[in-house]
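Here is my note on the model you asked me to look over. Please read it with the structure open beside you.

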Amino acid sequence: NLQDTITLHNGLKMPYVGLGVWQMKDENEAVNAVKSAITAGYRSIDTAAVYENEEAVGRGVKESGVSREELFITSKVWNSDQGYDSTLKAFEASLKRLDMDYLDLYLIHWPVEGKYVDTWKAMEKLYNDGLVKAIGVSNFHQHHLEDLFAAGTVKPMVNQVETHPRLNQDALKAFCKENDIALEAWSPLGQGKLLDESVLKEIGEKHGKSSAQVILRWHLQNGTIIIPKSVHENRIKENADLFDFELSAEEMSKVDGLNKDERFGPDPDNFDF
Ligand code: NAD
């Protein structure tokens, strides 16, 4: 069900489904989306310092009435804050904006060249000091992960990357699986750009489900954590209503057929922010 969890390699349980809040800059929009999601049964929220809505997430959480311990809150250190000391400071600032005394998961947002290893050492300190229950990365290719394995003492628990039926990330998924790193999909719906694919509509019709639900179910059956974003209460509910149907092996491979190894976002080896 909606509260199903994956056990990270340190034993922490993380919900398979969460709400992504990128591009919710309007304070009330973000507060309301977080409240709607928690009321609908979501227990996980994915934010980041650069989304400029950590205060709103904190408010939404408080106004939801669900206790902090029942929730799983993720944030991320932004590129301009990378490096050892600045990461420690950025973490403190995020906690303050969220008005929380710990995070469940803190991620390095992008692998900033020349900095991400030092950033990782700060993440390890935050973890060892008990300020965050799990640490991980985002937008890391295999070679970035291997750098952390060589230089660090804690293996990332999560890698959050762009993946959806157009970009299956099969090689990276296999590498993460071998290394006990949970794979989390950003833009799990391909930013909404795949919803008109006829194969998704056909499969959806058979199950009485939408294209969005077919994609999200495909992720879950692949063992991928998902954080679909919506500000609309009906879609927030729809994106969590995934546990009363199953895609057959044939349907799974039809969805697999949409892959073109095509990104909607930047390649982590070539980004300039
Ligand atoms: P998404 O794939 O979740 O798509 C969201 C869009 O799809 C919505 O804006 C809406 O237009 C549409 N949509 C959502 N539900 C729908 C439904 N049921 N029916 C029809 N249309 C629907 O895209 P996203 O926001 O890019 O990604 C989700 C989350 O991933 C973000 O909010 C953020 O938390 C995270 N993210 C992380 C990174 C990173 O670098 N780590 C980058 C991008 C996004």
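1. Basis and confidence. This is a predicted model, in which local features need pLDDT of at least 70 and side-chain atom pairs count only at pLDDT 80 or more, while totals for chains, interfaces and linings use all residues. Residues are numbered from 1 along each chain as its sequence is written. The mean pLDDT (the predictor's confidence in each residue, from 0 to 100) of the protein chain is 98, and 100% of its residues reach 70 or more. For the complex, the predictor gives an ipTM of 0.99 and a pTM of 0.98.

2. An unreviewed UniProt entry places the feature "active site" at Tyr 51; UniProt positions are given in the numbering used here, feature names are shortened, and annotations may be inferred rather than shown by experiment. Tyr 51 sits in the loop between strand E4 (44-46) and helix H2 (54-64), where helices (H or I, at least four residues) and strands (E, at least two) are DSSP runs numbered from the N terminus. Tyr 51 counts as buried because it has 20 C-beta neighbours inside 10 Å; the cut-offs are 20 or more other C-beta atoms within 10 Å for buried, 12 or fewer for exposed, and partly exposed in between, with C-beta atoms placed from the backbone. Leaving aside neighbours within four places in sequence, Tyr 51 is in contact (C-beta atoms, placed from the backbone, within 7 Å) with Val 21 and Trp 22.

3. Helix H2. The buried residues of H2 include Glu 54, Ala 56 and Val 57, and what covers the buried residues of this helix includes H1, E4, strand E5 (72-77) and helix H3 (84-98). H2 is followed by Gly 65, whose phi is positive, near 80 degrees.

4. The feature "binding site" is placed at His 109 by UniProt, in an unreviewed entry. His 109 lies in the loop between strand E6 (103-108) and helix H4 (116-128), and counts as buried because 22 C-beta neighbours lie inside 10 Å. Beyond its neighbours within four places in sequence, His 109 has contacts that include Lys 76, Trp 78 and Ser 138.

5. Ligand. Of the 26 residues around the ligand (C-beta atom, placed from the backbone, within 6 Å), Gly 20, Trp 22, Leu 189, Gly 192 and Lys 229 come nearest.

Notes:
Contact = placed C-beta atoms within 7 Å.
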